[in-house]
Amino acid sequence: MTSKTELAVDKFLEQTDSEVASFFEACVHCGMCAEACQFHLSTGDPKYTPIYKLRPMERAYKREKAPFSRLKKMLGLAPKPVTEKELIEWAPLVYDGCNMCKRCTLVCPMGIDIAGTIRKMRAGYAAAGLAPEEL
Amino acid sequence: MSFLNLVEGPLFTFAAAVFVLGALWRLIGIIRIGRAKDISPPKASAAAGFIKGNLRHFFPRGIFAKRTMVHIIGGYGFHLGLFMLVFFGVYHIDFLNERILGFSWPALPRWAFLLTSAVAFSGLITLWVRRISDPVMQLISDKDDHIGSWLTFLVMLSGCFALEQAHDSLRGVHMLLVDIWLIYFPFSRLMHSFTFFLSRGQSGMTYGRKGKVR
Ligand code: SF4
Ligand code: SF4
């Protein structure tokens with residue numbers, strides 16, 4: 001039987017087209033997006049940094065689909081696999097921590113579309129049955 | 001074969017080949033994944049959005065300027081400074097002319113080179129200090145970010161030591177670090193020097209198609 005994590009990761013990878021891949025490949029971890037996000041500005045909590053909200057999806061891409069991912073896996077340099085515990089931990093960031101305002105894209109020096117990618121990440125949650133029940 | 005001959009000769013050729021082939025492999029690898037099909041009717045040109053997205057993100061936005069001032073000053077200082085040092089330093093021009101391109105162009109005068117170095121160093125150090133001290137950057141940074149910063153710093157520092165051309169071994173150490181930097185580049189986040197145009201361009205395409213690149 002396919003686990004929830006596998007379902008989510010498969011969907012993450014399916015949703016990672018060359019646009020999303022270029023976002024994950026270009027982010028320089030500068031943190032400027034946090035300075036634009038109301039969730040971070042109003043709480044001061046670094047976990048609301050926009051790019052951080054995408055971390056499980058980014059890890060899935062870097063482990064399974066990115067150029068050199070096979071080589072890095074062979075050398076033991078690939079990122080760790082995504083776990084169900086992590087997906088559950090991230091759900092509030094993915095669903096309650098973004099209102100799709102896109103301010104982070106305006107400030108990002110790489111023009112990364114966080115909101116658009118969060119929408120794609122939610123598709124992975126929905127496919128795995130990990131979306132909040134109220135939805 | 002002397003140490004300098006090795007690091008400027010076969011090792012440099014090897015490093016340059018890894019740099020070019022690795023960077024191409026990674027760029028092509030990203031592009032060939034392909035964009036998801038957008039079935040909505042376009043309201044404006046996606047291609048124009050690609051260009052507009054690229055140009056627009058070169059300039060910081062006024063509304064965020066105050067909150068991101070450290071990044072803006074450090075980032076522009078470092079990147080513009082490094083670009084000038086690499087492509088307008090007299091020894092770099094000589095090296096590129098003799099070893100690769102076969103033509104040269106005017107170099108920065110010495111005083112301007114030193115001033116530019118100071119700006120580039122200050123920018124790089126500012127960004128790195130922020131990386132280790134700001135809670136957001138601490139949370140999102142990984143080993144690769146630190147290795148990239150330190151490697152670049154060491155290349156620049158050894159370049160300063162080699163500036164007087166006083167000793168072959170100083171130039172050799174600089175070239176060895178350049179070789180390591182070139183080999184590390186395609187596998188690391190240093191690749192943002194090339195991937196930035198894909199990222200800005202692709203979101204520019206998405207929003208350009210909707211007639212909304214701002
Ligand atoms: S502002 Fe852009 S490049 Fe910087 S950390 Fe956020 S997403 Fe990454
Ligand atoms: S789009 Fe989401 S992550 Fe980006 S600034 Fe708005 S709320 Fe924050």
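**View 1. Helix 5 of chain A is mostly covered in this predicted model.** Eight of the 10 residues in helix 5 of chain A are buried, where buried means under 20% relative accessible area, exposed means over 50% and partly exposed lies in between (1.4 Å probe, protein chains only). The buried set is Arg55(A), Pro56(A), Met57(A), Glu58(A), Arg59(A), Ala60(A), Tyr61(A) and Arg63(A). Helices (H or I, at least four residues) and strands (E, at least two) are DSSP runs, numbered from the N terminus. Residues are numbered from 1 along each chain as its sequence is written, and chains are lettered from A and ligands numbered from 1 in the order in which they are written. As for what counts, local features need pLDDT of at least 70, side-chain atom pairs need pLDDT 80 or more, totals for chains, interfaces and linings use all residues, and side-chain values use heavy atoms, with hydrogens and water left out.

**View 2. Chain A is built from nine helices and zero strands.** Its C-alpha atoms fill a box of roughly 40 × 35 × 25 Å along the principal axes. Read along the sequence, chain A runs α-α-α-α-α-α-α-α-α. The radius of gyration of chain A is 15 Å, close to the 14 Å from the globule rule for 135 residues, so chain A is as compact as a globular protein of that length; the radius is taken over C-alpha atoms, and the rule is 2.2 Å times the number of residues to the power 0.38. Of the 135 residues of chain A, 58% count as buried. Take contacts (heavy atoms within 4.5 Å) in chain A between residues at least 6 apart in sequence: 72% of them join residues at least 24 apart.

**View 3. Chain A meets chain B through 44 residues from chain A and 40 residues from chain B.** Together the two chains bury about 3,600 Å², 63% of it on carbon and sulfur atoms; this buried area is the accessible area (1.4 Å probe) that two parts lose on being put together, summed over both. On the chain A side, His29(A), Glu35(A) and Phe68(A) lose the most area to chain B, together 18% of what that side buries.

**View 4. Polar pairs cross the interface of chain A and chain B.** There are 24 residue pairs in polar contact, both at pLDDT 80 or more. A polar contact is a pair of N or O atoms within 3.5 Å; within protein, one must be able to donate a hydrogen and the other to accept it, and residues adjacent in sequence count only if both atoms are side-chain atoms. Helix 2 of chain A gives the largest share of the side that touches chain B, seven residues. The chains also share three salt bridges, each a side-chain nitrogen of Lys or Arg within 4 Å of a carboxyl oxygen of Asp or Glu. One of them pairs Arg26(B) with Glu25(A), with the closest N and O atoms 2.6 Å apart.

**View 5. Glu35(A) sits in the loop between helix 2 and helix 3 of chain A.** Glu35(A) counts as buried because its relative accessibility is 7%. Its side chain makes a polar contact of 2.8 Å with that of Arg67(B). Leaving aside neighbours within four places in sequence, Glu35(A) is in contact with His40(A) and Leu41(A), plus Phe64(B), Arg67(B), Thr68(B) and Arg130(B).
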